[in-house]
Amino acid sequence: MSAGLAVCLVCGEPLDYFKEAQEVTCRLCGKKETGHSICTAGHYVCDACHRAGGVAWIMGYCTTCTSKNPVEIAQALMADKAVFPNGPEHHTLVGAALMTAYANAGGDVDLEKGLAELRKRSLQVPGGTCGFWGTCGAATSAGQFYSIVAGSTPMTRDPWARTQRLTSLILGRLADLGGPRCCKRTGFSAIEVTAAYVGETLGVQMEMPEHITCTHYPRNKECLRTACPYFPGPFPS
């Protein structure tokens with residue numbers, strides 16, 4: 001499998017996306033389903049196969065991590081070969097990094113139980129939501145984290161409202177930056193917005209770097225480069 005670039009995990013060829021879902025068969029597990037992308041050689045890899053190793057790595061790392069810095073945690077998670085340049089494993093990664101930093105910074109949450117609940121919720125979010133659903137998996141993941149620690153349910157009042165506000169702020173930030181998709185760019189943005197919001201609304205101050213610098217751009221041919229605030233200089237104004 002090609003773990004190095006944002007390409008087919010089977011053969012390394014670029015991915016083609018289609019607007020309407022088509023019947024596809026996962027080349028790795030044989031599952032038949034509908035999907036929105038195959039590579040130029042015709043291979044399809046389902047979300048479950050794509051993120052299995054990454055999600056397992058994320059859960060294991062975060063359970064024992066002591067950092068209060070969600071960006072530091074996210075960077076460590078992204079550096080592992082089990083986390084691909086883009087993919088639905090990031091729908092778990094963003095919330096898990098925030099949950100871990102929040103707990104280590106004194107947030108009122110049982111980390112093990114919180115991560116377990118986040119995992120269940122995040123696995124329900126398919127790949128490609130940023131383009132097909134009108135919402136990004138990074139924003140959803142951050143919202144899942146916040147809903148857990150704030151105690152939001154469909155029947156709560158203030159926690160429900162605050163969770164919606166957070167995801168709206170993240171999506172506004174992502175819209176300002178523009179596409180195409182980059183799970184590192186959207187992930188860093190979601191973490192930045194959420195860390196500040198948690199400090200304001202929950203009073204828990206996570207540690208954050210002065211500037212986030214991405215090291216993953218060589219693996220993403222769609223990188224916005226100097227138009228991205230995380231590109232390693234010169235930084236956009």
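**Salt bridges**

I started with E222, which forms a salt bridge with R181, the closest N and O atoms being 3.1 Å apart. My cut-off for a salt bridge is a side-chain nitrogen of Lys or Arg within 4 Å of a carboxyl oxygen of Asp or Glu. E222 sits in the segment after α8 (183-201) and R181 in the loop between α7 (158-177) and α8, so this pair ties together parts that are 41 residues apart in sequence. I take helices (H or I, at least four residues) and strands (E, at least two) as DSSP runs, numbered from the N terminus.

Before going on, I noted that this is a predicted model, where local features need pLDDT of at least 70 and side-chain atom pairs count only at pLDDT 80 or more, while totals for chains, interfaces and linings use all residues. Residues are numbered from 1 along each chain as its sequence is written, and side-chain values use heavy atoms, with hydrogens and water left out.

E222 is partly exposed at 23% relative accessibility, and R181 is partly exposed at 22%. For this I call a residue buried under 20% relative accessible area, exposed over 50%, and partly exposed in between (1.4 Å probe, protein chains only).

- E117 and R121 meet through their side chains at 2.7 Å, N to O. Both lie in helix α4, four residues apart, which is about one turn of the helix. E117 is partly exposed with a relative accessible area of 29%, and R121 is partly exposed with 25%.
- E33 pairs with K31 in a salt bridge, with 3.7 Å between the closest N and O atoms. E33 is partly exposed at 26%, and K31 is partly exposed at 34%.

I moved on to helix pairs. Two packed helices are described by the angle between their axes and the distance between the axes. My axes are lines fitted to C-alpha atoms, for helices over the stretch in contact, and angles run from 0 to 180 degrees between N-to-C directions.

Helix α1 (residues 47-64) packs on helix α4 (residues 111-122) at about 165°, and their axes are 10 Å apart. The two are therefore roughly antiparallel to each other. In my labels, angles under 35 degrees count as roughly parallel, over 145 as roughly antiparallel, 65 to 115 as roughly perpendicular and the rest as oblique.

Which residues make the contact? On α1 I found R51, V55, M59, C62 and T63, and on α4 L111, L115, R119 and S122. Contact here means heavy atoms within 4.5 Å. Sorted by class, the contact of α1 with α4 has five nonpolar, two polar and two charged residues. I count Ala, Val, Leu, Ile, Met, Phe, Trp, Tyr, Cys and Pro as nonpolar, Asp, Glu, Lys and Arg as charged, and the others, Gly among them, as polar.

Is helix α2 (residues 70-78) mostly covered or mostly open? I found it mostly covered, with seven of its nine residues buried. The buried ones are P70, V71, I73, A74, Q75, L77 and M78. They pack against α1, α3 (90-104) and α8.

I then took α2 with α3: the angle is about 140° and the axes are 8 Å apart. That makes α2 oblique to α3. The contact uses P70, I73, A74, L77 and M78 of α2, and H90, L93, A97, L98, T100 and A101 of α3.

**Loop residues**

- A79 is in the loop between α2 and α3, and at 60% relative accessibility A79 counts as exposed. The C-alpha atoms of A79 and T215 are separated by 8.9 Å, although the two are 136 residues apart along the chain.
- S152 is in the loop between α6 (137-150) and α7. S152 is buried at 13%, and touches S147, P159, W160 and T163, not counting residues up to four places away in sequence.
- G30 is in the loop between β1 (15-25) and β2 (32-39), and is partly exposed at 44%.
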